[in-house]
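Reader: I am new to reading protein models and would like to learn how to read one feature at a time. Could you take me through this one slowly?

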Amino acid sequence: MKATKECYPCLERLVRQAADLATQDPELKTKAIYEGLKLLKAEFSVYKPTIPVATLLHRRVRTITGNPDPYLQIKEAEMRMGEEFYQSWNANSEVSLRDCLVLAVRGNSLDFFKDLETVRNDLILPVEFAIDNTKALETKLKKSKQILFLADNAGEVFFDIPLVKKLMEFAPVTYVVKQSPVQNDVTLADLDRFGLTKDLPQVITTGTDTPGVDMAQTSTEFKSAFKAADLVISKGMGYWETLSELPAEGKVFYLLKAKCQPVADSLNVALNSYVALLR
């Protein structure tokens with residue numbers, strides 16, 4: 001998915017937010033914002049996805065402020081909320097694949113541009129898929145031998161666990177997180193902090209710090225796992241923005257909430273629609 005003109009002010013907002021979270025030092029914050037906006041002006045293009053640009057912006061802010069994980073407090077707050085929802089939902093062990101998909105995509109309502117109370121209210125709203133390829137997923141699962149699960153935001157892990165367990169009834173699952181911090185995306189350190197590795201099967205990383213996944217920057221391990229998988233569960237908008245640039249092979253199942261207009265337009269759905277798309 002290529003960037004649109006609407007993406008530019010969103011990336012400006014991202015620079016300011018990242019700097020605000022990264023430091024309380026006024027001079028460092030001003031410098032991070034100035035350098036970030038200058039970099040944005042130089043790198044932004046409607047002929048490429050936003051993800052490579054966002055990656056550079058985050059790296060610049062982290063370098064200037066000396067903060068390796070500006071979104072840490074947001075991640076921890078979202079994970080505590082996710083854990084709360086998981087504990088209440090997990091009481092019912094008899095669940096269908098569709099139930100697990102609905103719970104997982106509900107978790108994609110987490111949004112670092114929104115306050116937690118707004119997100120909490122979003123999490124209890126009904127889920128209806130504007131694009132619903134769940135039947136096609138069921139058919140695909142019956143033939144799958146290796147499943148790759150691309151995780152998104154840290155707080156979503158609790159919403160993912162039931163789906164991961166359900167998928168394991170069909171084939172081995174490898175859960176993929178980020179190598180190092182970027183935005184509120186989950187990392188190995190986040191999983192360890194909340195003791196979640198025991199609830200997941202094999203865990204690997206993308207080998208990099210990009211939102212979504214920039215295949216050119218990923219590790220050899222990730223590239224091999226992606227190629228070997230006959231089914232990839234892709235959570236969140238970042239993966240849609242990047243992986244949709246690759247040729248469709250009928251093996252990537254996008255599970256997301258279209259939280260911004262450019263993404264919604266690219267999928268031909270209304271803003272804030274839920275999507276379950278096999279491509």
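Author: Let us begin with how helices are named: helices are DSSP runs of H or I with at least four residues, and they are numbered from the N terminus. Ile 74, for instance, has its place in helix 4. Please keep in mind throughout that this is a predicted model.

Reader: How many residues does helix 4 have, and how far does it reach?

Author: Helix 4 runs over residues 72-89, which is 18 residues, and from its first C-alpha to its last it reaches 25 Å, close to the 26 Å expected at 1.5 Å a residue.

Reader: Which residues of helix 4 are buried, and which helices do they pack against?

Author: A residue is called buried when its relative accessible area is under 20%. In helix 4 the buried residues are Lys 75, Ala 77, Glu 78, Met 79, Met 81, Gly 82, Phe 85 and Tyr 86, and the buried residues of this helix pack against helix 6 (116-123), helix 8 (157-167) and helix 9 (188-193). Returning to Ile 74, and leaving out residues up to four places away in sequence, we find that Ile 74 touches Leu 21, Phe 112 and Asn 184. The C-alpha atoms of Ile 74 and Asp 115 are separated by 9.6 Å, although these residues are 41 residues apart along the chain.

Reader: What should I look for when I want to read a nonpolar core?

Author: In soluble globular proteins, nonpolar side chains tend to be buried together. Here the largest nonpolar core has 38 residues, of which Leu 163, Leu 167 and Leu 255 touch the most other members. Apart from it lies another core, of 26 residues, among them Met 1, Phe 226, Val 232 and Leu 267. If we follow Leu 163 and do not count residues up to four places away in sequence, it touches Leu 97, Cys 100, Leu 101, Ala 104, Phe 149 and Leu 255.

Reader: How many disulfides are found in the whole structure?

Author: A disulfide is a covalent bond between the sulfur atoms of two cysteines. A search of the whole structure finds zero disulfides. Cys 260 is in no disulfide, and the nearest cysteine sulfur, that of Cys 7, is 6.3 Å away. Cys 260 counts as partly exposed because its relative accessibility is 25%, whereas Cys 100, at 0%, counts as buried.

Reader: What do the side chains of Asn 67 and Thr 206 lie close enough to for a distance to be given?

Author: Asn 67 sits in the loop between helix 3 (51-65) and helix 4, and a polar atom of its side chain lies 2.9 Å from the backbone nitrogen of Asp 69. Asn 67 counts as buried, because its relative accessibility is 19%. Thr 206 lies in the loop between strand 4 (202-205) and helix 10 (220-228), and a polar atom of its side chain is 3.4 Å from the backbone nitrogen of Thr 208. At 0% relative accessibility, Thr 206 counts as buried.

Reader: Where is Ala 276, and is it buried or exposed?

Author: Ala 276 has its place in strand 7, and at 0% relative accessibility it counts as buried. The C-alpha atoms of Ala 276 and Val 105 are separated by 8.5 Å, while the two residues are 171 residues apart along the chain.

Note on methods: Residues are numbered from 1 along each chain as its sequence is written. This is a predicted model: local features need pLDDT of at least 70, side-chain atom pairs count only at pLDDT 80 or more; totals for chains, interfaces and linings use all residues. Side-chain values use heavy atoms; hydrogens and water are left out. A disulfide is a pair of cysteine sulfur atoms within 2.5 Å. Buried means under 20% relative accessible area, exposed over 50%, partly exposed in between (1.4 Å probe, protein chains only). Helices (H or I, at least four residues) and strands (E, at least two) are DSSP runs, numbered from the N terminus. The expected span of a helix is 1.5 Å times one less than its number of residues. Contact means heavy atoms within 4.5 Å. A nonpolar core is a set of buried Ala, Val, Leu, Ile, Met, Phe, Trp, Tyr and Cys residues joined through side-chain atoms within 4.5 Å. A polar contact is a pair of N or O atoms within 3.5 Å; within protein, one must be able to donate a hydrogen and the other to accept it, and residues adjacent in sequence count only if both atoms are side-chain atoms.
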